[in-house]
Amino acid sequence: MVKLSGVVLKSAGKFSPKLKDFTEGRKDLFSKLEQNIDPEAEHIWIHAASLGEFEMAVPVLMMLKEKYPRTKTLVSFFSPSGYNNKKKHPLVDHFTYLPLDTKENAQKFLEIIQPKMAFFIKYDFWPNFLNELKERQIRTFLVSGVFRKDQAFFKPYGKWMKKSLQAFEHFFVQNEESRYLLNSIGFDNVTVSGDTRFDRVAAQLEADNRIDFIDDFKQDKLLIVCGSTWPEDEDLMVKFINSSVNIKFIIAPHEIKTEKVEKLRSKLKIPTVNYSEKEGVDLKDYSVLILDTIGLLGRAYSYADIAYVGGAAGTTGLHNILEPATFGIPIVIGENFSKFPEAEKLRQLAGLYSVKNSDEFSAIMTKFYTNSEFRQKTGMIAGHFINSNTGAIRMLQEYL
């Protein structure tokens with residue numbers, strides 16, 4: 001069955017670049033591992049489904065490097081979006097795709113790596129790998145786990161999946177519902193530790209967030225940073241941006257292909273400059289700066305007075321609201337965020353506002369701009385939300 005899946009994926013790759021990456025990336029995977037892995041070194045294996053889960057893994061990696069400085073770290077990804085974006089990282093010694101979940105692959109993978117510990121981030125449970133970890137008595141942990149009652153573990157037909165959970169020495173989960181669900185099927189080795197992303201973003205406050213060209217661009221004006229935007233988000237924003245006076249905007253599109261950036265720029269009627277054009281121009285003369293590059297958004301939020309976080313105006317999925325929240329600024333998002341509990345919680349606390357259309361976007365942004373007390377109070381709530389939810393890494397470290 002798995003061999004058939006491999007054939008199907010290979011054929012589908014001819015029509016889908018993502019599926020092509022999925023299959024091509026796993027070609028010669030084991031021989032590459034054998035070439036790169038030192039059999040004499042101790043390794044810790046961290047598995048992240050994709051890029052978002054890797055961000056949750058970063059504070060875990062920081063803690064592990066400090067606690068076990070001589071141990072090598074290996075991070076596996078299931079999706080190409082994670083692997084392609086994080087082929088190098090100072091905390092990671094080796095990156096790899098996760099092989100397809102067969103008993104033979106699991107045995108071969110673990111035989112090469114010989115990990116002393118394994119950490120799975122949030123979810124992505126692969127029964128053959130988990131069963132093999134248990135068979136080899138390798139200490140295995142779930143970090144920032146989330147369980148839902150509709151998962152197979154909690155259904156009468158899911159006994160074989162439930163059995164694979166026995167591989168985990170301890171579950172560190174995000175919420176009480178997850179603990180309750182695990183308790184209901186006989187697992188008491190559970191700690192509600194929260195989401196490691198809070199620790200990740202809180203650490204950003206201690207970092208050097210200076211970006212000289214943003215100082216030149218912002219001057220003493222109010223700055224709205226619009227991060228990870230899609231066309232649906234831009235449809236909400238453009239009307240307000242084009243009618244604004246004495247407000248600066250930084251837009252960081254999710255897709256930075258030239259044609260996508262130029263399409264956005266064609267909608268803007270006020271002075272706009274791309275990051276790639278900034279050399280030799282006087283940035284203070286522009287009202288909009290488009291970041292047609294990656295890696296700057298997190299620090300750009302430190303300059304913002306207000307943040308708009310993209311993804312929820314359409315159906316692509318809300319991006320990270322915690323990054324701007326850690327800097328104590330109010331946050332605005334689109335309307336489709338029901339699958340993002342941190343956004344719903346922050347909205348309930350009045351540190352975040354959701355809008356359905358461009359008129360609602362203009363109304364809330366105008367209120368933030370004209371009412372500094374309202375803006376500061378909303379931002380304070382967002383900052384406190386981060387501070388009150390840190391500590392997941394401390395709990396994991398104390399357990400280890």
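**Helix contacts and selected residues**

Analyst: Glu342, Lys345 and Leu346 of helix 16 are in contact with Ile381, Ala382 and Phe385 of helix 18. By class, that contact between helix 16 and helix 18 has four nonpolar, no polar and two charged residues. Keep in mind that this is a predicted model.

User: At what angle do the axes of helix 16 and helix 18 cross?

Analyst: Roughly 135 degrees, and the axes of helix 16 (residues 341–348) and helix 18 (residues 372–387) come within 10 Å. That makes helix 16 oblique to helix 18, because an angle counts as roughly antiparallel only over 145 degrees.

User: Is the crossing of helix 16 and helix 18 left-handed or right-handed?

Analyst: Helix 16 crosses helix 18 in a right-handed sense.

User: Now helix 3. Which residues of helix 3 meet helix 6?

Analyst: From helix 3 they are Phe30, Leu33 and Glu34, and on the helix 6 side Asn105, Lys108, Phe109 and Ile112. The classes in this contact of helix 3 with helix 6 are four nonpolar, one polar and two charged residues.

User: What is the angle between helix 3 and helix 6?

Analyst: About 15 degrees, with the axes of helix 3 and helix 6 (residues 103–113) 10 Å apart. Helix 3 and helix 6 are therefore roughly parallel to each other, as the limit for that is under 35 degrees. Their crossing is left-handed.

User: Is Leu33 buried or exposed?

Analyst: Leu33 is buried, at a relative accessible area of 5%. Leu33 sits in helix 3 (residues 29–36). Beyond its neighbours within four places in sequence, Leu33 is in contact with Leu74, Thr96, Phe109 and Ile112.

User: How far apart are Leu33 and Ile44?

Analyst: Their C-alpha atoms are 14 Å apart, and the two residues are eleven residues apart in sequence.

User: Different topic. Which residue does the UniProt "active site" annotation cover?

Analyst: Glu53, according to the UniProt annotation, which comes from an unreviewed entry. Glu53 is in helix 4 (residues 51–67).

User: Why does Glu53 count as buried?

Analyst: Because its relative accessibility is 8%, and buried means under 20%. Setting aside neighbours within four places in sequence, the contacts of Glu53 are Ala48, Ile121, Lys122 and Tyr123.

User: And Asp215, where does that one lie?

Analyst: Asp215 is in helix 11 (residues 212–218). With 38% relative accessibility, Asp215 counts as partly exposed. Asp215 and Phe240 are 25 residues apart along the chain, and their C-alpha atoms are separated by 23 Å.

User: Backbone next. What is phi of Gln137?

Analyst: Near 55 degrees, which is a positive value in a residue other than glycine. Most residues other than glycine have a negative phi. Gln137 lies in the loop between helix 7 (127–135) and strand 5 (139–145). Gln137 is exposed, with a relative accessible area of 73%.

User: What about phi of Ala350?

Analyst: Ala350 has a positive phi too, about 70 degrees, although it is not a glycine. The loop that holds Ala350 runs between helix 16 and strand 14 (352–354). Ala350 counts as partly exposed, at 27% relative accessibility.

How values were computed
Residues numbered from 1 in each chain as written. Predicted model: local features only at pLDDT ≥ 70, side-chain atom pairs only at ≥ 80, totals over all residues. Heavy atoms only, no water. Axes fitted to C-alpha atoms, helices over the stretch in contact; angles between N-to-C directions. Helix = DSSP H or I, 4+ residues; strand = E, 2+ residues; numbered from the N terminus. Parallel < 35°, antiparallel > 145°, perpendicular 65-115°, else oblique. Left-handed = near helix turned anticlockwise from the far one by under 90°. Contact = heavy atoms within 4.5 Å. Nonpolar A, V, L, I, M, F, W, Y, C, P; charged D, E, K, R; others polar. UniProt positions renumbered as here; feature names shortened; annotations may be inferred. Buried < 20%, exposed > 50% of the residue type's maximum accessible area, 1.4 Å probe, protein only.
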